Amino acid sequence: MTKKPILFYLSAGHGGGDPGAVSGKFVEADMARTVMDACYKELLAHKGRTYKVAYPEKDGSGMSLAAHVADMARYKAKGYRVVAIDAHFNAGGGDGDEVWVWKGVITKSRVGKTLANLIIAELKKAGQNTRDVKYTKDLYFLKGVGVPVLVEYGFVDNKTDRKGFDTKKELQSYGKATARALIRYWKKYR
Ligand SMILES: [Zn+2]
């Protein structure tokens, strides 16, 4: 039996009038968009891919979380295995990335953790330290179908942490790292 194809669903957190966390010239929504734009390009460039990629905000628009979750359900109904990433930057004191995974249904949590660790490993290669995998039932994006994770790439208001992602090139390297993690996931589960 052929497995259903994987669909990578990309979301840049905030946007559409909501800047997210702001620290000086660092604006979460813009940074998340730069990361996801690079991730999207890198995923499309991979030769021999059998996965699909959906990035509904690629034109620069923002979407509500409810619209994302509904979109993910639509892709599932079309016969895809949905694997979704929501990109964010943190604020409020801390250093490093963290990846949030649904706390609940065993499969969703277990596979989510596997994906989270792949992302953390690739971000480590890109120079970012980690605060590890976290579990919650309180993030709306994680209520989506399939395997959704929310990545906080670093703290916009921590000058030390920010050294790793205060240029466009570095943000793009985080995006490429995320794509490499997704490609490793695809190789494991395709
Ligand atoms: Zn955010």
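This is a predicted model: local features need pLDDT of at least 70, side-chain atom pairs count only at pLDDT 80 or more; totals for chains, interfaces and linings use all residues.
Figure 1. Of the 190 residues of the protein, 49% are classed as buried. The accessible surface amounts to about 9,100 Å², and carbon and sulfur atoms make up 53% of that surface.

**Figure 2. Helices and strands of the protein.** Five helices and eight strands make up the secondary structure listed for the protein. Their order along the sequence is β-β-β-α-β-α-β-β-α-β-β-α-α. The radius of gyration is 15 Å, close to the 16 Å that the globule rule gives for 190 residues, so the protein is as compact as a globular protein of that length. Along the principal axes, the C-alpha atoms fill a box of roughly 50 × 30 × 30 Å. Among contacts with a separation of 6 or more, 79% are between residues 24 or more positions apart.

Figure 3. His14 sits in the loop between β1 (6–12) and β2 (22–23), while Glu28 belongs to helix α1 (residues 28–45). These two residues are 14 residues apart, and the pair links distant parts of the chain.

Figure 4. Glu28 is buried, because its relative accessible area is 3%, and the cut-off for buried is under 20%.

**Figure 5. Charged side chains of the protein.** There are 34 positive and 20 negative side chains. The centres of the two sets are 10 Å apart.

Note on methods: Residues are numbered from 1 along each chain as its sequence is written. Side-chain values use heavy atoms; hydrogens and water are left out. Helices (H or I, at least four residues) and strands (E, at least two) are DSSP runs, numbered from the N terminus. Buried means under 20% relative accessible area, exposed over 50%, partly exposed in between (1.4 Å probe, protein chains only). The radius of gyration is taken over C-alpha atoms; the globule rule is 2.2 Å times the number of residues to the power 0.38. Contact means heavy atoms within 4.5 Å. Accessible areas come from the Shrake-Rupley method with a 1.4 Å probe; for residues, only the protein chains shown count as cover. Lys and Arg count as positive and Asp and Glu as negative; His and the chain ends are not counted. The place of a charge is taken as NZ of Lys, CZ of Arg, CG of Asp or CD of Glu.
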